[in-house]
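Work through the exercises below with the sequence and the model at hand. Each task is followed by a solution in steps.

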Amino acid sequence: MSTAPTINHPSYYADYHALREQLSANSPAWLNDLRAAAWDSFDGKGFPTARRGNEPWKYTNVRPIAQGRFDASASGQDPVELLLAAGNRLPSTGFEPEWLNLVFVDGKPVVTPETRPGIVGTLEQGWTTGDVNTGGLPENLGQHARVEEDAFVALNTAFLNDGAYVRLPDDYDEEVFLNLVHVQNSPDSAGYPRTLIVAGRNTRLTVFESYVGADPAKAVQYFTNAVTEIAVGEGAKVNHYRLLDESSAAYHVGTTRVTQARDSSYESGSFALGCALGRHDLSVLLDGTGAYCSLNGLYLTDNAEHMDNLISIDHAHPHGTSRLYYKGILDGRSRAVFGGTVMVREDAQKTDAQQTDKNLILSDRAEVDSKPSLLIYADDVKCGHGATAGHIDEDTMFYMRSRGIDPQTASQILIHAFASEIIDTVTHEVVREHLDRLFLDTVTGKTISGMGNSNSGSRQRQGGA
């Protein structure tokens, strides 16, 4: 265990050592060992602030997080009051009667399911009381998102205190719907949400995972470092929707790691409405023959916001299929980064993989860096990728204006139509309507500017073998 703080993160060092004994008091030995290994890994790496030799973070500056003072033990106003203050930004009572609700406010569980004992609960219940089946915790927690791979994963694991735990036993015959909400709003606080999902063989699960500030319109500065691990068993099907709707001054770094077994299906919808700095690192390992994943994403940035999506898909076995489709809408002086990598290993013959990234630029001052790539080591595959960035063309706007539609209304219609292609991939009707309303409320009043006077070109690349 390190005995002196490094120059990069003295405040995180102080918080960790102040909380270490408290975290360890009611934890099993394997969890304390995991936390200790995580801190050692983070202490050795430090934050990824280097400009060189740091490709995954090349376009995203995390110095404000590294040098900031975010208190891991901060506790603001009453959690229930914060939850009520969030208002219509989150579905606090669930989408339908069959949905289970699990809500954390500033890291504390406020709402937990009253039904399905042993299926959905908290991590602390799993490792202390056994209210959630403890089988699978040591084998899965920290094994998909490994502490040695990333400094933010290591930091989250070092502060791991509670979180959401879903474990569906093999051949569980009912589909489970979970509304998982994390609300954070205490100024200058650091939150470390953690989620572990283990979907057994032939199970079905739908999860809506939300990260929200009590009032996203208020510029409350805090730091959310979230990690989600998902193990999809043989023949299982998981639908996973993720919403980022934090405070306009918040920093959010999210990591999702997914491992899929044979003939499993994982469908993801990632939706982000912006914050000061947002990052989602999603990695999917198709670790069984015939596995399928579909990753869709939509993000909207404004003012000086920064959004970074780093997506990777690893085809490790034959007959795998993947679809990756992300869209961004950028306004103001905002910036977006998209990095999409699809790897096809040597033994993963008959792979079918496609990835696309499209961006709509509403302002001459907005910027997007898009880097789709294919790494193909097999010779019998069907793969392709492409990326575009640009404005709505002038002819489309002229046509709508000629029909008597004012510029603001025409802009809103075109922006909403661009976003709807991703929103419409959400299969659950009520979830889809909730997301559509949030995005529609956000784009209301926006006007497309700078058409025909943009420095943001477009490009299209296709690759295959």
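**Exercise 1: aromatic pairs**

Phenylalanine 70 and tyrosine 251 are both buried (under 20% relative accessible area, with exposed over 50% and partly exposed in between, for a 1.4 Å probe and protein chains only). This is a predicted model, in which local features need pLDDT of at least 70, side-chain atom pairs count only at pLDDT 80 or more, and totals for chains, interfaces and linings use all residues. Residues are numbered from 1 along each chain as its sequence is written, and side-chain values use heavy atoms, with hydrogens and water left out.

Task: Classify the pair formed by the rings of phenylalanine 70 and tyrosine 251.

Step 1. Rings of Phe, Tyr and Trp (its six-membered ring) pair if their centres lie within 6.5 Å; planes under 30 degrees apart are stacked, over 60 edge-to-face, and the rest tilted.

Step 2. The centres are 6.0 Å apart and the planes stand at 75°, so the pair of phenylalanine 70 and tyrosine 251 is edge-to-face.

Step 3. Phenylalanine 70 belongs to the loop between α3 (63-67) and α4 (79-85), and tyrosine 251 to strand β11 (residues 251-260), so the pair ties together parts 181 residues apart in sequence. Helices (H or I, at least four residues) and strands (E, at least two) are DSSP runs, numbered from the N terminus.

Task: Classify the pair of tryptophan 99 and phenylalanine 177.

Step 1. With 5.5 Å centre to centre and 45° between the planes, the pair of tryptophan 99 and phenylalanine 177 is tilted.

Step 2. Because tryptophan 99 lies in strand β1 and phenylalanine 177 in strand β5 (residues 176-183), this pair ties together parts 78 residues apart in sequence.

Step 3. Tryptophan 99 and phenylalanine 177 are buried.

**Exercise 2: charges over rings**

Task: Which rings lie under the charged ends of arginine 279 and lysine 327?

Step 1. The criterion is NZ of Lys or CZ of Arg within 6 Å of the ring centre and within 35 degrees of the ring normal.

Step 2. Arginine 279 has its charged end over the ring of tryptophan 57, 3.6 Å from its centre.

Step 3. For lysine 327, the ring is that of phenylalanine 418, with the charged end 4.2 Å from its centre.
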